[in-house]
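Thanks, everyone, for making the time this morning. I would like to walk you through a few helices and then the nonpolar core, so please bring the structure up on your screens.

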Amino acid sequence: MATAPITSAFRHGFIAGLPFILVAMPFGLLFGVVGTEAGLSIAEVMGFSVAVIAGAAQFAALQLMQDNAPTLIIVATALAVNLRMAMYSASLAPHLGPAPLWKRALAAYVLVDQVYAVSIARFENAPAMSIGEKLAYYFGSALPLVPTWYGASFAGAWAGAAIPPEYGLDFAIPITFLALVGPMLRSLAHVAAALTSVVMALALAGLPYNSGLLIAAVAAMVMGAEVERRMNGGKQP
Amino acid sequence: MNMSPAHIWLLIALIAIGTYLIRFSFLGLIGNRPIPEWLLRHLRYTPVAVLPGLVAPLVLWPEATGGTPDPARLLAAGATVLAGVLTRNVLISIFAGGGTLFAALQLFG
């Protein structure tokens, strides 16, 4: 008897996740193409897309690898891009916390921006959902996205291997990053953080080992948080 | 890039493990404990703190022109951000930027 609402939750999650195919497909293709153009093998592209499964961090790592940045800097920068996921993890914990460990472990693997966004919106609008329904909705919303990401990365890598490197895709990574940043500029605090990041990164571009970027990122994070705190009049929510 | 496959796989493994641990953190190990407000406030700004700084030198000093600022790429960068701010849509922004770059390279190149 309990299966009907769970099937229904899964179906609703799946439908909510369907539009993300339109995001994952071109983005995955682009990572595959740019990755192979930069010198990765198809297997290495797939290693990134299957094991890391976080587009922005993958592009960031790729760029720094082309700059021959040190290992530690590449890893730290890619992980800094993904730190926001700790926030997702924390905000999902009250909803998915009662699930068995292996299900939470699997949920963590598919915790990407879009899955988080639709799931948390659903959970907060429907607090009466059981843990089974919540898990079904969550995994349902991830189902269209994850295989599309793998498949598109593979297709892109395969196509990229056939494109001659002189075909100037040099600006594909900058455009991708800028396209990700534009929609993020939704408050004064976000704009302040972004500007701090740009100014500091340019000013510190001469520092060895691409370390200027990490310093700029920390300063920008503090700037964003501080502007937000002041905009809220210093009151604690 | 001048990296051995072993080095590339090491990077993939380290980034994958680190990313997984970030995702698993509160769901898995820390459990139901609430995350402090000041920490949430900083985490909110991580992507917008890293990505613009990463991209700024690439836009201003593109490798393709040997590091000389290039009007076509600056224009394309501006169009990408503008489209993103106006439409809030990543794909539209990518196409706006790519289209602008293509047109500007035809025009100036």
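This is a predicted model: local features need pLDDT of at least 70, side-chain atom pairs count only at pLDDT 80 or more; totals for chains, interfaces and linings use all residues.

The buried set runs from Arg84(A), Met85(A), Ala86(A), Met87(A), Tyr88(A), Ser89(A) and Ala90(A) on to Leu92(A), Ala93(A), His95(A) and Leu96(A). As for its geometry, H6(A) covers residues 84-96 and reaches 18 Å from its first C-alpha to its last, which is close to the 18 Å expected at 1.5 Å a residue.

The buried residues in H1(A) are Ala9(A), Phe10(A), Gly13(A), Ala16(A) and Gly17(A), and because they cover an arc of only 125° around the axis, they lie on the same side of H1(A). What covers them includes helices H8 (113-125), H9 (131-142) and H10 (145-162) of chain A.

Finally, the core. The largest nonpolar core has 115 residues, among which Ala61(A), Val181(A), Ala193(A) and Leu51(B) touch the most other members. At least three residues of this core come from each of domain 1 (3-169) and domain 2 (185-232) of chain A. Leaving aside residues up to four places away in sequence, Leu51(B) touches Ala56(A), Val81(A), Phe177(A), Leu180(A) and Val181(A).

Definitions and conventions
Residues are numbered from 1 along each chain as its sequence is written. Chains are lettered from A and ligands numbered from 1 in the order in which they are written. Helices (H or I, at least four residues) and strands (E, at least two) are DSSP runs, numbered from the N terminus. The expected span of a helix is 1.5 Å times one less than its number of residues. A residue is buried if 20 or more other C-beta atoms lie within 10 Å of its own, exposed if 12 or fewer, and partly exposed in between; C-beta atoms are placed from the backbone. A nonpolar core is a set of buried Ala, Val, Leu, Ile, Met, Phe, Trp, Tyr and Cys residues joined through C-beta atoms within 7 Å. Domain bounds come from an automatic or database domain assignment. Two residues are in contact if their C-beta atoms, placed from the backbone, lie within 7 Å. The arc is that of the directions from the helix axis to the C-beta atoms.
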